[in-house]
Amino acid sequence: MKGKHLDRPRVLRPGPWVTVTLTGLAVFGATAAMPTTLQHASTETVAAVQTVPQQRTAPRQAAPREQVRAQAQVQKEFKAPAKAEPSAKAEPSAKTESSAKAEPRKQAAAPKSDARSKVIARARTWHPHTGRRVPYSQTSTHNGYRTDCSGYVSMALGLPKPGTNTVGLTASRYTERIAMSELKKGDLVMDALGSNTTRHVVIFEKWADKEHSSYWAYEQRGRYGTDHRELDYGLSSGDEYKAYRPTSLT
């Protein structure tokens, strides 16, 4: 029996340091034998983990810039009404364009009324129907104007001295024909036919009644001088007196 035991092969058991060495070699070999894909995967995973903080910090750094841009945009939008304010103020003028156009017409009417009043005011400077009236004469002058009917009217209308004659007053440069019913303050009623002893012109002031059967007028009449009285020249059918409107009053 002792001899059989001696014939059995001996089993070598490694020592502790051998076990550690072999374990390290096994791990190294397993790592070396690891597929390249897994190695790349682990490498990419590590890189991804390292880049995550950079991706998180990037928006934080850009945030202030976005806020600045947003604030600039808000400021532009806030200032826009201030720039648009002049145009907003100009809109009412565009909406009231029709009324703005109407104003010149009203203002244009006022000078005409003033011009008519000035004609009457100048006619009164010769003191009609008073002891200070200017005597009638076809040869004499008063303040540069002839003291006959046409010279008196020329003065009242502000025409050049010494004044034109009755026929000259009918020229289109001075007057135009109108109907008797259209007479207004400062218009003329004139008989330009006949001779210098029959032609006559007077300055219309106003109607004497609602029926327009007569009117008040200023005139420089023969054998008397400057007068202001009620007349009915041109109101009868076939009368040679006609109504004229000075071009300065049209």
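Is strand β8 (residues 242–246) mostly covered or mostly uncovered, and how many of its five residues are buried? Strand β8 is mostly covered, with four of its five residues buried, where buried means under 20% relative accessible area, exposed over 50% and partly exposed in between (1.4 Å probe, protein chains only). The model shown in these views is predicted, so that local features need pLDDT of at least 70 and side-chain atom pairs count only at pLDDT 80 or more, while totals for chains, interfaces and linings use all residues. Residues are numbered from 1 along each chain as its sequence is written, and side-chain values use heavy atoms, with hydrogens and water left out.

**View 1. The protein chain as a whole.** The secondary structure comes to six helices and eight strands, which follow one another along the sequence as α-α-α-α-β-β-α-α-β-β-β-β-β-β; helices (H or I, at least four residues) and strands (E, at least two) are DSSP runs numbered from the N terminus. Of the 250 residues, 25% count as buried. The chain exposes about 17600 Å², of which carbon and sulfur atoms supply 56%, as given by the Shrake-Rupley method with a 1.4 Å probe, for which only the protein chains shown count as cover of residues.

**View 2. The open sheet and its strand β8.** Six strands form an open sheet in the order β3-β8-β4-β5-β6-β7, with antiparallel pairing; two strands pair if DSSP finds at least two bridges between them. Because β3 and β7 (225–231) stand at the edges with a single partner strand each, one side of each is left without a neighbour in the sheet. Neighbouring strands are turned by 35° against each other on average, direction ignored, with axes being lines fitted to C-alpha atoms (for helices over the stretch in contact) and angles running from 0 to 180 degrees between N-to-C directions. Strand β3 (residues 175–178) pairs with β8 over four antiparallel bridges, and E176 has R245 of β8 as its bridge partner. Strand β4 (residues 188–191) pairs with β8 over three antiparallel bridges; here V189 stands opposite A243, and M190 has K242 as its bridge partner.

**View 3. Helix α5 and the largest nonpolar core.** Helix α5 lies across β4, β5, β6 (215–221), β7 and β8, and runs at about 50° to β5. The largest nonpolar core has 21 residues, and those with the most contacts inside it are Y152, V153, L188, V201 and I203; such a core is a set of buried Ala, Val, Leu, Ile, Met, Phe, Trp, Tyr and Cys residues joined through side-chain atoms within 4.5 Å. At least two residues of this core come from each of α4 (97–124), α5 (149–157), β4 and β5 (200–207), and α5 gives the most, with six residues. Another core, of twelve residues, lies apart from it and has V189, F204, Y215 and Y241 among its members.

**View 4. The loop residue T147.** T147 lies in the loop between β2 (145–146) and α5, and counts as buried because its relative accessibility is 2%. Not counting residues up to four places away in sequence, T147 touches W126, V134, P135, Y136, S137, S140, T141, H142 and Q220, a contact being heavy atoms within 4.5 Å.
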